[in-house]
Amino acid sequence: SQTMDEMWDSRSSDQEHPNIGWFKDAKFGMFIHWGLYSKLAGEWKGKRYYGSGEWIMNQARIPIAEYSKEAATFNPTNFDAEKWAQLAEDAGIKYMVITAKHHEGFSMYDSKVTDFDIVEATPYKKDPMKALAESTRKRGIQFGFYYSQFQDWYEPNGGKNTWDFDESKKDYQQYYNNKAIPQLKELMTNYGPLGIVWFDTPGGLTKEQTNDFIKGLRKLQPNSLFSSRVGHGLGDYRDYGDSEIPATPIKGAWESIYTHNDSWGYINHDMNFKTPREIVHLLAQVASKGGNLMLNVGPDGTGKIPEYSEKFLRETGKWLARNGESIYGSTYGLVPAQPWGVSTSKPGKQYLHVLNRPLDGKLVIPGFNANVKSVAILGGPASVPFKKRGDVLEITLPAGEAANLATVCVVNYAGKLADLDLNAP
Ligand code: H79
């Protein structure tokens, strides 16, 4: 039989990871950016840095000697793993990925590889990731770590700190061998089974070196999925750009990642939160193209999730409790995007997500070349009036549905609708 190495070596790019099933069905994940930057909250020496809170060390060109002092007063006593995991569950979230170490180089878990970690360098002294791994797993939520494998602004040989060090003099291999790889091994050894290891901004390694690097990690947890940002076309599912949805439906496993306000890391002056309606529409848009939405929350430096993130996620969860059948376990819709919205599919069913309710309440679906048996509203009437004129299906929406964040019509049909003509990514 094949060894693990042979299995990964021979797995061609169109072969899926054997554990990809849960990910494809999950559809809705929570991304959490949390680190020392959360305490700085987008401000340094009285100046506000709008953009991405986790980039403040870079944006303000803060020397390591100064930045690392922040750890001495980082004490997130409001952190409550049970509360975070319960919020995720209430929001209808199926997986969670949290920053174990972002580009700043600070480890938010108990690491023996460095002293620059939450247990040794802060008054908090505990490992929040241990608690979170347990609280999520208890609720059936897949748990994973974000790990910045190349950029590390704290290390002399880590990628991209150009204000303390000369980039051209760096030995990236030294950094990979002495920090990134040993830390990834800690994360993949000490926190139970991980659903995902989420890599970001690759660099410093050839394709061959990347392959070797991840093969060593695969041995620790063959079931963990690696994000595509491990680089060189490797990884188990595809991530698009930050806050990007692909233009067309895409086959295979993929994910869109979005901020909730405009930043990943907490910024105290960013109130531009997507409303529950916007979140639900984003989720439907991504699902209609066959992907997952991983939506970010940025807890503050005390460990509190911003009020509007909590409130709006709960609203999203309410919508999902009623309409989740159209999202979880679905694939891209066979009805192309329409003025009124988008669709998702399950065998014998098209789910029509009404994102813009037509003023006359009439939903027109062109090209519905199958025999319609019935039309229902999720969480509403089991049977609503419809007409079929040739291939044009017309549904009359119930009046009371106007207030729904997105009404979902289920079209039950017999026979086969033509699949979209898509190429695998
Ligand atoms: O973790 C989040 C980002 O910090 C990370 N990926 C997501 C998931 C990321 N790393 N690099 N980039 C994103 C691209 C960098 C964009 C930048 Fe900027 C533009 C850096 C400086 C200008 C964004 C805007 C950050 C600061 C200002």
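**Tyrosine 67 and its surroundings**

Leaving out residues up to four places away in sequence, tyrosine 67 touches Met57 and Ile62, where two residues are in contact if their C-beta atoms, placed from the backbone, lie within 7 Å. The model is a predicted one, in which local features need pLDDT of at least 70 and side-chain atom pairs count only at pLDDT 80 or more, whereas totals for chains, interfaces and linings use all residues. Residues are numbered from 1 along each chain as its sequence is written.

- Tyrosine 67 belongs to helix 5, residues 64-67; helices (H or I, at least four residues) and strands (E, at least two) are DSSP runs, numbered from the N terminus.
- Tyrosine 67 counts as buried because it has 24 C-beta neighbours inside 10 Å; a residue is buried if 20 or more other C-beta atoms lie within 10 Å of its own, exposed if 12 or fewer, and partly exposed in between, with C-beta atoms placed from the backbone.
- Tyrosine 67 and isoleucine 196 are 129 residues apart along the chain, and their C-alpha atoms are separated by 29 Å.

**Domains and the contact between them**

- The domain assignment of the protein chain gives domain 1 (4-326) and domain 2 (333-414), such bounds coming from an automatic or database domain assignment.
- Between the C-alpha centres of domain 1 and domain 2 there is a distance of 37 Å.
- Contacts join 13 residues of domain 1 to twelve residues of domain 2.
- On the side of domain 1 that touches domain 2, the elements giving two or more residues are helix 11 (276-288) and helix 12 (307-323), and the largest share, eight residues, comes from helix 11.
- The residues on that side of domain 1 divide into five nonpolar, five polar and three charged; here Ala, Val, Leu, Ile, Met, Phe, Trp, Tyr, Cys and Pro count as nonpolar, Asp, Glu, Lys and Arg as charged, and the others, Gly among them, as polar.

**The nonpolar core**

- The largest nonpolar core has 108 residues, and those with the most contacts inside it are Met96, Val97, Phe145 and Cys409; such a core is a set of buried Ala, Val, Leu, Ile, Met, Phe, Trp, Tyr and Cys residues joined through C-beta atoms within 7 Å.
- Domain 1 and domain 2 each supply at least three residues to this core.
- Cysteine 409 touches Leu352, Val354, Leu363, Val375, Ile377 and Ile395, when residues up to four places away in sequence are not counted.

**Helix 6**

- Trp84, Ala85 and Ala88 are buried in helix 6, which spans residues 81-90.
- These three lie on the same side of helix 6 because they cover an arc of only 95 degrees around the axis, the arc being that of the directions from the helix axis to the C-beta atoms.
- The buried residues of helix 6 pack against strand 1 (28-32), strand 4 (95-101) and helix 8 (128-138).
- Just after helix 6, glycine 92 takes a positive phi of about 80 degrees.

**The ligand shell**

- Around the ligand are Gly51, Ser52, Glu54, Trp55, Gln59, Asp200, Thr201, Asp242, Ile257 and Trp264; a residue is near a molecule if its C-beta atom, placed from the backbone, lies within 6 Å of it.
- This shell divides into three nonpolar, four polar and three charged residues.

**Two lysines with positive phi**

- Most residues other than glycine have a negative phi.
- Lysine 45, however, has a positive phi near 50 degrees; this residue is placed in the loop between strand 2 (43-44) and strand 3 (47-48), and lysine 45 counts as exposed because it has 7 C-beta neighbours inside 10 Å.
- Lysine 125 also has a positive phi, of about 65 degrees, although it is not a glycine; lysine 125 is found in the loop between helix 7 (118-121) and helix 8, and is exposed, with 11 other C-beta atoms within 10 Å.

- Leucine 234, in the loop between strand 7 (225-226) and strand 8 (238-242), is buried, with 20 other C-beta atoms within 10 Å.
- Apart from its neighbours within four places in sequence, leucine 234 is in contact with Thr210, Asn211 and Ile214.
- Glutamate 208 lies in helix 10, residues 207-220, and counts as exposed, with 9 C-beta neighbours inside 10 Å.
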